[in-house]
Amino acid sequence: MHSSRGLIAAALSLLLAGQAAAQNLNAPVPGLMQQQMQGQGLPGQQQVPSLSGQRQVPQLLPQDNIVNRAGSTTEAEAGATAEGPLAEPYRPAGPSRTVFGAQLFTRGAPAGSESANPNYRLGPGDRVSVRVWGPVESEVIGAIDPEGNLFLPSIGPLRLAGLRAGDLQRTVEGEVRRIYTQQVQVYAVLLSASQIGVYVTGFVRTPGRHLGSGSETVLDYLLRAGGVDPVRGSYRDIVVNRGGRAVVRIDLYPFLLQGKLPQLTLQDGDTIVVGKQGAVVSADGAVRNNFLFEVAGRAMAGQELNQLAAPLPAATNAVIRGTRNGQPWSRYVDVATLEKQSLLDQDVVTFITDSPAPTVRVFVEGSRLGPSVLVADRDIDLCSLLDHVAVDPALADTDSVFILRKRIAAQQRRAINEALDRLERQLFTATSATTGIAQIRSAEAQMVSNYIQRGRRIEPEGRLVAVDSNGRCSRVRLEDGDTIVIPERSDTILVAGEVMTPQAVLWRPNMTIDEYVEEAGGYTQRGNSGGIMIRRASGQIILDPRQGPRPGDELIVLPQLGVKGFQLASDLLAMIYQAALAVRYFDIGR
C-alpha cells in the first residue's frame with residue numbers, strides 16, 4: 001500500500017512527540033554547585049500559601065491559554081484569577097443566582113405555638129392561669145375579657161391587657177399582695193395566646209389571610225405566605241399596616257447581619273405588605289458572600305457592597321459590568337476605588353486577584369537531602385536554585401537533572417492530538433485501486449484506529465531537558481509549580497525495542513552498541529543497526545548515536561521501515577479466468 005510507509009513514519013513521529021521536550025542549553029553553568037550545603041534558605045523564601053480552587057475570570061481571560069505570546073502572562077506570573085473561599089472550593093464561577101435573605105424562607109411554615117415569647121403583649125382572648133395559696137386560696141383559668149381584665153375570686157378583676165408575657169408573674173403577685181398584706185404565694189402563667197388573622201400581601205408566594213398567634217413575629221406570617229418572592233419581592237421594604245396607616249417599616253438586612261428586628265405585637269386584622277424588589281447588585285469571585293444584594297434606594301455605594309460581600313484578603317481589584325443609558329458599561333478598578341463607585345440595578349461586580357505573586361513554588365523530587373518544596377523569588381533560574389539543594393554526590397545523577405512543567409505537558413498533549421488527527425486523515429482519505437487493496441486497507445485501518453485510540457490516552461509528563469550532554473545546566477527561569485527531578489545514579493542500560501529479549505544490561509566501559517544488543521539476544525527480523533535511538537536519563541533523545549550509552553540510558557532499537565508489498569491473489573485469479581494472462585506481481589509500496 002502506497003501510504004504504509006507514511007503511516008509508520010507518522011506513528012514514529014507521534015512517539016517522538018510524546019517523549020521529546022524543548023532543550024535550552026545556551027549558558028553552560030556547573031550543575032548543582034555547593035552540593036553539600038545544608039541550609040535551604042532562598043532569596044525571598046516565605047511560607048507556602050494555602051491552596052484553593054482557582055479559576056479564570058469569566059469574559060476576562062481567554063480559555064486554555066497555552067502558548068504565551070509577547071507581553072502575555074506566564075505560568076509563574078499568573079493572571080487575573082477569582083479565588084473562592086477555602087471553605088467553598090467548588091463554588092460555580094460567574095454571577096450569583098441567589099438573593100441575599102432567601103434562606104430565611106426555605107423552611108416550612110411554623111405550626112401554631114401554644115407558648116408565647118416574653119415580649120408578647122397580652123390581649124383579649126388570651127388564656128391565663130392564676131393560682132393563689134397561703135392565708136387565702138384562689139385559682140382561676142380563663143380568658144382575658146374584652147375589657148382586658150381577668151376576674152380572680154376573693155380578689156377581683158386584674159388588668160392584664162397590654163401586659164408583657166414576661167411580666168405576668170410579677171404583676172399579678174404585686175396586685176395580690178397589695179390586698180393581702182400577709183405572706184401569700186402566687187403562680188401566674190400565660191397558657192395560650194388568642195388566635196388572630198393577619199393579612200399578608202404584596203410580592204409573596206401565597207398572599208391572603210393567615211391564622212396564627214398574636215405572639216408570633218412578622219417572619220412567622222411571611223413563612224405562612226410562602227416567603228418573599230425572590231424574583232419580584234423586596235427584603236428591605238416590608239410594611240405592617242394597622243387601621244389604614246403604617247405601624248412599622250421593616251428592613252430584613254439588619255436582622256440577617258446583626259439580629260435586629262423591630263419589636264411589634266401583631267393584632268387581628270393587621271396587614272403585612274411586601275414591596276416590590278429594588279435594584280440588585282451581584283457580587284462574585286473572591287468574596288465570602290456570593291449573593292445578589294438588594295439596594296435600599298436606586299443606587300448602592302461600593303463601600304456598602306464591600307461590607308455586604310466581605311471580599312477575601314486576596315482581592316485586589318474588581319470588574320464592574322452593567323448598563324448605563326441603555327448601553328453596556330464596564331469598569332476595572334481596585335478595591336479602594338470601588339468604595340467610591342456608585343452601583344446600579346443589575347450590576348455585576350467580580351472581585352479578583354490581579355497582582356503577580358513575588359515568589360514561585362518549586363517541588364524537588366528524586367535523590368535529594370533537603371526539603372521537597374522550595375519557595376523563591378519569581379525571577380530565579382534553575383542553576384541558582386540548584387545551589388540550594390543538598391544532594392549526595394555518590395547517589396545523585398547531577399548530569400541528568402530535568403524539569404517537569406505542566407504548561408509543556410499541555411503543549412505535548414496538543415501536539416500528540418494533532419499528530420493523531422493527521423494520521424487519521426491519511427488513513428481514511430487514501431484511495432484504493434482495486435477491491436482487494438480496499439480489503440487490505442480496511443484491515444490495516446482497523447489496527448491503526450486501535451493504535452490511535454491508545455495514543456489519545458497518552459498523558460504527557462511535560463519533561464524539559466535542562467542539561468546538555470556534558471552535564472551543564474541551563475539558566476532556564478523556573479515557573480510556579482515546576483518539579484525538578486534529580487535522578488538516582490544507575491549502573492545499568494535498558495535495551496528495548498526490536499531486540500529478542502528486552503532487558504537491563506550492566507554498563508561496562510568501552511562497550512559498543514552492538515555488544516549491548518547482543519546481550520539482549522540480538523536484533524529481531526525488523527531491527528537492524530541502522531535504527532538506534534538513545535534516551536538519556538534527562539530525557540534527551542539522541543538519534544543515530546556514534547558512541548555507546550552512558551549509565552542509566554535507554555538503548556532503543558527502532559523498527560525497520562521497509563517497503564510493504566501486497567499480492568492481490570483474488571484480482572489476479574479473476575484476470576486468469578477472464579483473459580488467460582500470466583500472474584503479475586504488484587509492488588504497491590513503491
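Predicted model: local features only at pLDDT ≥ 70, side-chain atom pairs only at ≥ 80, totals over all residues.
Tutor: Two strands pair if DSSP finds at least two bridges between them.

Student: What makes β16 and β17 a pair?

Tutor: Strand β16 (residues 317-324) is joined to β17 by 8 bridges. The rule asks for at least two, so 8 bridges are enough for the two strands to pair. Their sense is antiparallel.

Student: Which residue stands opposite Gly 322 in β17?

Tutor: The residue opposite Gly 322 is Trp 329.

Student: In what order do the strands of the sheet with β16 and β17 run?

Tutor: The order is β14-β13-β19-β16-β17, an open sheet of 5 strands with mixed pairing. The edges are held by β14 (292-294) and β17 (327-334); each has a single partner strand, so one side of each has no neighbour in the sheet. On average, neighbouring strands of this sheet are turned by 20° against each other, direction ignored. Helix α5 (residues 302-309) packs on the sheet, where it touches β13 (280-285), β14 and β19 (347-352). The direction of α5 makes about 60° with that of β19.

Student: Why is Gly 243 called exposed?

Tutor: The relative accessible area of Gly 243 is 83%. Exposed means over 50%, so Gly 243 belongs in that class. Gly 243 lies in the loop between β10 and β11.

Student: Why is the contact of Arg 170 and Asp 167 called a salt bridge?

Tutor: Their side chains meet at 3.5 Å, N to O. The cut-off is within 4 Å, so the pair qualifies.

Student: Which class, buried or exposed, does Arg 170 fall in, and which does Asp 167?

Tutor: Arg 170 has a relative accessible area of 56%, which is over 50%, so Arg 170 is exposed. Asp 167 has 19%, which is under 20%, so Asp 167 is buried.

Student: What makes Glu 479 and Arg 405 a salt bridge?

Tutor: The N to O distance between their side chains is 3.5 Å, and the limit is 4 Å. Glu 479 lies in the loop between β23 (463-465) and β24 (483-486), and Arg 405 in the loop between β22 (402-404) and α8 (406-428), so the pair ties together parts that are 74 residues apart in sequence. Glu 479 is at 4% relative accessibility and Arg 405 at 5%. Buried means under 20%, so both residues count as buried. Arg 405 and Glu 479 are also linked with Arg 407 and Asp 482 in a network of salt bridges.

Student: How do you know that Glu 519 forms a salt bridge with Arg 508?

Tutor: The closest N and O atoms of Glu 519 and Arg 508 are 3.4 Å apart, within the 4 Å limit. Counted by that rule, the salt bridges come to 26.

Student: Why are Glu 519 and Arg 508 called partly exposed?

Tutor: Glu 519 is at 40% relative accessibility and Arg 508 at 36%. Under 20% would be buried and over 50% exposed, so both fall in between.

Student: How many residues does helix α9 have, and how far does the helix reach?

Tutor: Helix α9 (residues 435-456) has 22 residues and reaches 31 Å from its first C-alpha to its last. That is close to the 32 Å expected at 1.5 Å a residue. Its buried residues include Arg 441, Glu 444, Ala 445 and Val 448.

Student: How many of the residues of the protein count as buried?

Tutor: Of its 590 residues, 42% count as buried. The protein has 11 helices and 29 strands.

Conventions: Residues numbered from 1 in each chain as written. Heavy atoms only, no water. Helix = DSSP H or I, 4+ residues; strand = E, 2+ residues; numbered from the N terminus. Expected span 1.5 Å × (residues − 1). Buried < 20%, exposed > 50% of the residue type's maximum accessible area, 1.4 Å probe, protein only. Axes fitted to C-alpha atoms, helices over the stretch in contact; angles between N-to-C directions. Contact = heavy atoms within 4.5 Å.
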